[in-house]
Amino acid sequence: MTQRGRPGVPRLVLAALVLHLVLVQPNHPAALTWQAPLLVPLELPVILLTLMAVRGRLATTLRLAITGTLTLLAVLKTADFAMSAALARGFNPVADLALIEAGLRLLAGTIGPLAAGIAALGAALAAVGIAVALWWATGVWAAVAVPPGLTRAAAGTGALAFAVLATLEIGQALGRWSLPVTPPGAAFTARVGLERIALARETLADLRAFRTAAVQDPYAGVPHLLDGIDRDVLVVFVESYGRTSLDTAFYAERHRATLRRNAAQLERRGLSMVSGLLEAPTRGGQSWLSHATFANGLWIDDQARYGAALASGRETLFHVAGRSGFHTAAVMPQITLDWPESAMMGFETILAADDLGYEGAAFNWVTMPDQFTFTALDRLLRTPETERPVFAQLALGSSHAPWVPVPDLVDWDAIEDGRIFNAMAAGGDPPEEVWRDRDRVRRQYRAAIDYALSTVFSYAARHAEDPPLMIVLGDHQAADFVALDDRAQVPIHVIGPPDLVARVAAWNWTPGLIPDPDTGVIRMDRMRDRLIESFSSAPGIAAPGG
């Protein structure tokens with residue numbers, strides 16, 4: 001039996017304040033203002049009245065339910081806040097659980113394993129602390145002795161009002177109506193949970209439709225695909241290379257100059273190039289979603305769709321290339337753990353970090369400079385003894401956060417095992433110092449993208465006498481606070497001999513390395529089919545476009 005007493009007013013106020021702060025906790029960086037604590041949580045009076053109204057074992061059950069529910073909502077809000085800051089979207093409980101491990105690895109690479117471990121432990125202890133505080137607060141209000149009839153009537157009225165509001169909020173979350181429901185100056189924390197329930201339903205329904213689309217592939221088993229290509233093909237993802245490099249003054253002044261200078265050099269070397277703009281399925285991170293979208297020809301914008309695509313058996317661009325006579329490969333310098341899903345992606349050869357022969361020092365989370373990655377590509381795959389042309393995906397890493405330190409280009413013939421980069425890896429301030437200042441982070445990002453682009457185009461020029469066909473694109477825009485641009489758009493460049501680049505003329509992209517800002521932006525999932533359509537002679541292949 002719960003013992004009723006007469007808690008003092010200070011204890012009641014403090015307990016109500018604990019509940020209030022949990023209920024008004026912001027779940028988006030934009031909501032983190034001085035006004036947030038002043039919001040009126042609509043659930044609070046219902047919770048307090050109900051706690052005072054119940055007796056006995058029911059009171060304990062109610063306290064457990066309130067403590068567990070509000071702790072879970074606090075965790076969901078924190079996940080929402082983190083995802084909004086990093087990836088410009090909320091947390092999807094169906095699709096995003098697998099990102100926790102990846103996030104911890106990135107955090108360890110940014111601030112160090114010890115600090116990351118302390119941060120993870122702190123987060124766990126904070127969740128426990130919230131639960132303990134809520135259990136105490138509900139106990140204080142459950143101990144208030146008031147006339148049962150009065151509190152039960154009040155609690156019933158409050159619960160009815162709460163149920164009506166919840167019904168309206170569910171309808172709004174499901175898109176049944178668009179009128180605002182929560183009054184100005186108020187907070188309805190239950191909406192976070194309701195939205196996640198709606199999101200989970202939508203995600204599961206979306207996955208069912210996605211699996212159907214994944215098996216409807218017009219090019220499955222079609223022969224003579226990609227037979228218009230007579231040389232190596234390199235699909236090069238430049239980490240965090242987004243449209244901000246073209247349009248945001250802080251970045252564009254430097255990056256456009258680099259693009260113009262290298263376009264002129266490549267043209268002098270006899271290469272042709274065109275550039276366009278793509279809509280990426282992610283912002284701020286999760287590069288593998290863009291890799292999969294490009295390769296599968298499906299819009300893969302969360303982890304659930306990623307898993308569904310892998311399980312569908314759909315042919316990727318690399319499956320198609322493999323059965324068309326190419327030696328398919330993935331060069332992934334940032335892969336340092338097991339990558340079992342790669343077996344379903346169509347790669348004959350996979351070169352992860354440990355396979356590339358780098359003996360130099362790591363650049364914090366970045367395992368090796370991009371220039372070494374290209375050198376390893378030539379040494380391990382693009383050799384004179386190679387009997388089949390290579391069709392490879394390279395996921396470069398030097399422009400990945402934390403962008404500290406940034407290497408310099410060196411003489412290609414002096415790279416050897418990579419120890420030439422050791423002094424650069426030890427230079428500059430550590431990430432934990434740089435990341436205290438957002439302006440410094442942006443300067444480092446600008447320098448890292450410039451290095452990555454310079455490396456890619458230097459490699460293209462180095463091989464201009466017998467050039468591969470290179471498809472160079474950003475995987476995603478950087479996080480919003482870094483990019484200063486909230487569009488999920490990335491540049492793409494096709495570089496190679498004039499006769500091959502001419503085959504993509506129907507795409508109406510811009511000659512050179514700077515796409516026209518008025519160029520139509522196409523979704524990244526169209527690229528698999530565009531490449532097949534433009535470089536295949538099989539009967540019945542659709543005309544390029546779309």
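Predicted model: local features only at pLDDT ≥ 70, side-chain atom pairs only at ≥ 80, totals over all residues.
I take two strands as paired if DSSP finds at least two bridges between them.

**Strand 5 and its neighbours**

I started at strand 5, residues 327-332. With strand 6 (residues 349-352) I find 4 bridges in the parallel sense. Looking up Ala329, I get Thr349 in strand 6 as its bridge partner. Then I checked strand 7 (residues 390-395), which runs parallel to strand 5 and is joined to it by 5 bridges. There, Ala330 stands opposite Gln393.

Next I asked myself how many residues of strand 5 are buried. I count 6 of 6, so by the under 20% cut-off the strand is mostly covered. In a regular strand, side chains alternate between the two faces of the sheet. I therefore went through the faces separately, using the under 20% cut-off for buried. His327, Ala329 and Val331 sit on one side, Thr328, Ala330 and Met332 on the other, and all are buried.

**Asp529**

Moved on to helix 19, residues 527-534, where I find Asp529. Is Asp529 buried or exposed? Its relative accessibility is 14%, so I put it down as buried. Its side chain makes a polar contact with the side chain of Arg528, at 2.9 Å.

**A nonpolar patch**

Last stop was the surface, where Leu14, Leu17, Leu21 and Trp136 form a nonpolar patch. Together they have about 350 Å² of accessible area. Which element gives the most to the patch? I get helix 1 (residues 9-23), with 3 residues. I looked at Leu21 in helix 1 on its own. Its relative accessible area is 44%, so I log Leu21 as partly exposed.

Definitions and conventions: Residues numbered from 1 in each chain as written. Heavy atoms only, no water. Helix = DSSP H or I, 4+ residues; strand = E, 2+ residues; numbered from the N terminus. Buried < 20%, exposed > 50% of the residue type's maximum accessible area, 1.4 Å probe, protein only. Polar contact = N/O pair within 3.5 Å; in protein donor to acceptor, adjacent residues only side chain to side chain. Patch = residues over 30% accessible without salt bridge, like charges linked within 9 Å, V, L, I, M, F, W, Y side chains within 5 Å. Areas by Shrake-Rupley, 256 points an atom, 1.4 Å probe, with all protein chains shown as cover. Salt bridge = Lys/Arg side-chain N within 4 Å of Asp/Glu carboxyl O.
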